[in-house]
Amino acid sequence: MSKPEPVRCIEFRPEGRPYVVRPAQGRAELDAVHRLTHDSIVAAGYMSATPDGRLDSYPALDASPFTTVLVAVRDGTIIGTNSLTADGPLGLHTDLYFPTETNAVRRDRRRLVSSFRIATAPTVQNRLGYALILDLVKWTLVVASEAYRFETMLCTFNPKHETVYRRMLAATSLARQTRVAHGDVNAGAVLMRIDVDRLPAALGAEVARLRRSVDGPVAAPPLLDGASHRPWPGHGRSPSTADGAAHRPASAADSISPRTMER
């Protein structure tokens with residue numbers, strides 16, 4: 001696989017909101033993402049607090065040059081996050097618990113990404129919490145469109161949020177598990193598919209408007225030493241296929257992370 005080329009990152013400042021959405025920058029902010037994910041799942045009752053207060057679900061994907069970790073920042077504090085990765089040698093987070101269905105989607109030969117670890121801080125609730133989730137979703141779609149030129153996105157959510165995402169994103173449910181164990185986290189999961197050409201009209205128009213506001217290429221700065229992020233280079237193929245590398249799912253340590261809206 002050729003060396004990634006660093007490209008400019010951008011910020012999203014939703015009108016009337018007290019936060020900015022942008023790519024995470026450096027190890028300290030990635031650590032804050034792990035802490036926020038831990039706190040949101042503990043608050044939801046899906047796990048007990050760990051001694052170090054962290055939930056590092058996807059270390060291999062976090063280090064991948066094809067992953068972008070988005071954060072919402074208010075007054076210098078990260079209050080929300082979502083992550084996005086393109087299919088490649090490490091595979092997608094969905095390979096770990098839905099390998100058959102994920103491979104079936106690959107056979108469609110569409111530019112494939114997965115979105116994972118959407119989370120908001122337990123202190124963010126009610127209307128602001130829903131607005132934050134929606135803004136994270138919108139900006140994830142913008143980055144997926146601009147940086148990855150995606151055609152299909154796979155996500156995992158808790159089944160109780162299935163209807164919300166079906167309506168919000170015109171997502172299709174592909175498979176489900178009643179209990180997915182990940183370390184100390186136990187929750188159900190539903191695999192959902194989002195196709196860019198099937199987004200609801202209003203959301204598609206909003207994403208298109210936000211894309212028009214972007215000046216130049218979109219991607220995240222390096223998160224970890226020795227890694228730099230880049231737009232996905234494939235066209236209807238995964239990077240692993242394009243570069244002749246065999247597809248390999250992420251390690252078992254990088255299993256599914258049901259979270260506030262994923263739980």
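The legends below describe close-up views of a predicted model.

In this predicted model, local features need pLDDT of at least 70 and side-chain atom pairs count only at pLDDT 80 or more, while totals for chains, interfaces and linings use all residues. Residues are numbered from 1 along each chain as its sequence is written, and side-chain values use heavy atoms, with hydrogens and water left out.

**View 1. The chain contains 7 helices and 7 strands.** Helices (H or I, at least four residues) and strands (E, at least two) are DSSP runs, numbered from the N terminus. Along the sequence, their pattern is β-α-α-β-β-α-β-α-β-α-β-β-α-α. The chain has 263 residues, of which 57% count as buried; buried means under 20% relative accessible area, exposed over 50%, and partly exposed in between (1.4 Å probe, protein chains only). A contact requires heavy atoms within 4.5 Å. Among contacts between residues at least 6 apart in sequence, 76% join residues at least 24 apart.

**View 2. Helix 6 spans residues 201–212.** Its 12 residues reach 16 Å from the first C-alpha to the last, close to the 16 Å expected at 1.5 Å a residue; the expected span is 1.5 Å times one less than the number of residues. Leu-203, Val-207 and Leu-210 of helix 6 are buried. They lie on the same side of helix 6 because they cover an arc of only 60 degrees around the axis, where the arc is that of the directions from the helix axis to the C-beta atoms. Ala-201, Ala-202 and Arg-212, on the other side of helix 6, are exposed. The cover over the buried residues of helix 6 includes helix 4 (126–146) and helix 5 (162–169).

**View 3. Helix 4 packs against helix 5.** The angle between these two helices is about 50 degrees, and their axes are 13 Å apart. Axes are lines fitted to C-alpha atoms, for helices over the stretch in contact, and angles run from 0 to 180 degrees between N-to-C directions. The angle makes helix 4 oblique to helix 5; angles under 35 degrees count as roughly parallel, over 145 as roughly antiparallel, 65 to 115 as roughly perpendicular and the rest as oblique. Tyr-130, Ile-133, Leu-134, Val-137 and Leu-141 of helix 4 make the contact with Tyr-165, Met-168 and Leu-169 of helix 5.

**View 4. Helix 4 and helix 6 cross at roughly 60 degrees.** Their axes come within 9 Å. In helix 4, Lys-138, Trp-139, Leu-141, Val-142, Ser-145 and Glu-146 meet Leu-203, Glu-206, Val-207, Leu-210 and Arg-211 of helix 6.

**View 5. Val-207 is a residue of helix 6.** Val-207 is buried, since its relative accessible area is 5%. Leaving aside residues up to four places away in sequence, Val-207 touches Lys-138, Leu-141, Val-142 and Ser-145. The C-alpha atoms of Val-207 and Thr-140 are separated by 9.6 Å, although these residues are 67 residues apart along the chain.

**View 6. Arg-149 and Ala-170 lie in loops.** Most residues other than glycine have a negative phi. Arg-149, in the loop between helix 4 and strand 5 (152–157), has a positive phi near 50 degrees. Ala-170, in the loop between helix 5 and strand 6 (172–182), has a positive phi near 55 degrees. Arg-149 is partly exposed, at 42% relative accessibility, whereas Ala-170 is buried, with a relative accessible area of 19%.
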